[in-house]
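Subject: Structure for you to look through

Dear colleague,

Here is the structure that I said I would pass on to you. Please open it beside this message, and read the notes below with the model in view.

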Amino acid sequence: MKDYIYYIIFSIISYLVGSISFGIIYSKFKYQDDIRNYGSGNSGMTNTMRTFGKKSGFIVFIGDFLKGFLMVFIAGILTHSTICQTLAGFFVVLGHIFPIFFKFKGGKGVATSGGIILAIEPMILPFMLIVFVIILFTTKYMSLASITMGVLYPLFTIIKVFIVNEAAANAMPKIILSVIVGALVIFMHRSNIKRLINGTENKLGQRVKRNQ
């Protein structure tokens, strides 16, 4: 019973923390505007960077990344439960994408997912970052690099689990989390996928205007 109480508590807290959308808070505090009024309408790093510049994008990235990392890290420290960690990871990403404080309209989950990967599977993060950087700087498409991360997260998790021969009790929750989070990231980029196919996707560095 005690474990289930922890699961519920961390799921709720993680969702609420995930719902703290740093892009929205920062844009309203710094620019007296809402980042969701611009570009893609998302509150994440990429739209913030394109709208308000690299510095603003970096600040939002740090906030979104840390909330993912801290919730999973704290869950692990306090409960020593892989299931609790994976629940915290799922719900913090869910809160980021569908924030209850901001009418369920948030970001696409990439930075927050990076935070949870660092906390729960730090061994695979460097390899994912290498691929991310290569794709980003060869194609200039942030969306393509992000979609690739959604694909690689479950793939690299499964490879790592088999290489280290991790116990099933720990491995399965991590694999399930990676599949769900990876699918969420790809799903949130569905409009980007259409633009990539049509050749109309914005490249890195392109600025966006306020939506009408």
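A residue is called buried when its relative accessible area is under 20%, exposed when that area is over 50%, and partly exposed in between, with a 1.4 Å probe and the protein chains only. By that rule histidine 80, at 70% relative accessibility, counts as exposed.

Before going on, please keep in mind that this is a predicted model, in which local features need pLDDT of at least 70 and side-chain atom pairs count only at pLDDT 80 or more, while totals for chains, interfaces and linings use all residues. Residues are numbered from 1 along each chain as its sequence is written, and side-chain values use heavy atoms, with hydrogens and water left out.

Two loop residues

Helices (H or I, at least four residues) are DSSP runs, numbered from the N terminus. Histidine 80 sits in the loop between α4 and α5, and its phi is near 55°, which is a positive value in a residue other than glycine. Glutamine 32, in the loop between α2 and α3, also has a positive phi, near 50°, and this residue counts as exposed because its relative accessibility is 62%.

A buried serine

Serine 43 belongs to the loop between α2 (22–31) and α3 (45–52), but it is buried, with a relative accessible area of 1%. A polar atom of its side chain lies 3.2 Å from the backbone nitrogen of glycine 107. For such a pair the term is polar contact (N or O atoms within 3.5 Å; within protein, one must be able to donate a hydrogen and the other to accept it, and residues adjacent in sequence count only if both atoms are side-chain atoms). If contact is taken as heavy atoms within 4.5 Å, and neighbours within four places in sequence are left aside, serine 43 is in contact with Ser21, Gly23, Ile24, Ile35, Arg36, Thr48, Val60, Gly106 and Gly107.

The covered helix

Among the buried residues are Gly114, Gly115, Ile116 and Ile117, and the buried residues of α6 pack against α4, α5 (82–97), α7, α8 and α9.

Pockets

Rolling a probe the size of a water molecule over the atoms shows where empty space is left. A pocket here is an open set of points, on a 1 Å grid over the protein atoms alone, where a 1.4 Å probe fits, with protein on both sides within 12 Å along at least five of seven lines, and its lining residues have an atom within 4 Å of a point. The volume is the space filled by probe spheres set on the points, which are joined across faces, edges and corners.

The largest pocket holds about 890 Å³ of space. It is lined by 47 residues, of which Met45, Thr46, Val110, Met142 and Ser146 are the closest to its centre. The helix that gives the most to this lining is α7, with seven residues. The lining of the largest pocket divides into 21 nonpolar, 20 polar and six charged residues, where Ala, Val, Leu, Ile, Met, Phe, Trp, Tyr, Cys and Pro count as nonpolar, Asp, Glu, Lys and Arg as charged, and the others, Gly among them, as polar.

The second largest pocket has a volume of about 210 Å³, and among its 14 lining residues Asn42, Lys108, Met188, Arg190 and Ser191 lie nearest the centre. Here α10 gives the most, with three residues, and the lining divides into five nonpolar, five polar and four charged residues.

Aromatic rings

Rings of Phe, Tyr and Trp (its six-membered ring) pair if their centres lie within 6.5 Å, and the planes count as stacked when under 30 degrees apart, as edge-to-face when over 60 and as tilted otherwise. The whole structure has seven aromatic pairs. One of them is the stacked pair of phenylalanine 69 and phenylalanine 73, at 5.4 Å centre to centre and 15° between the planes. Phenylalanine 90 and phenylalanine 91 have ring centres 4.9 Å apart and planes at 75°, so this pair is edge-to-face. Finally, Tyr26, Tyr31, Tyr38 and Phe52 form one aromatic cluster.

With best wishes
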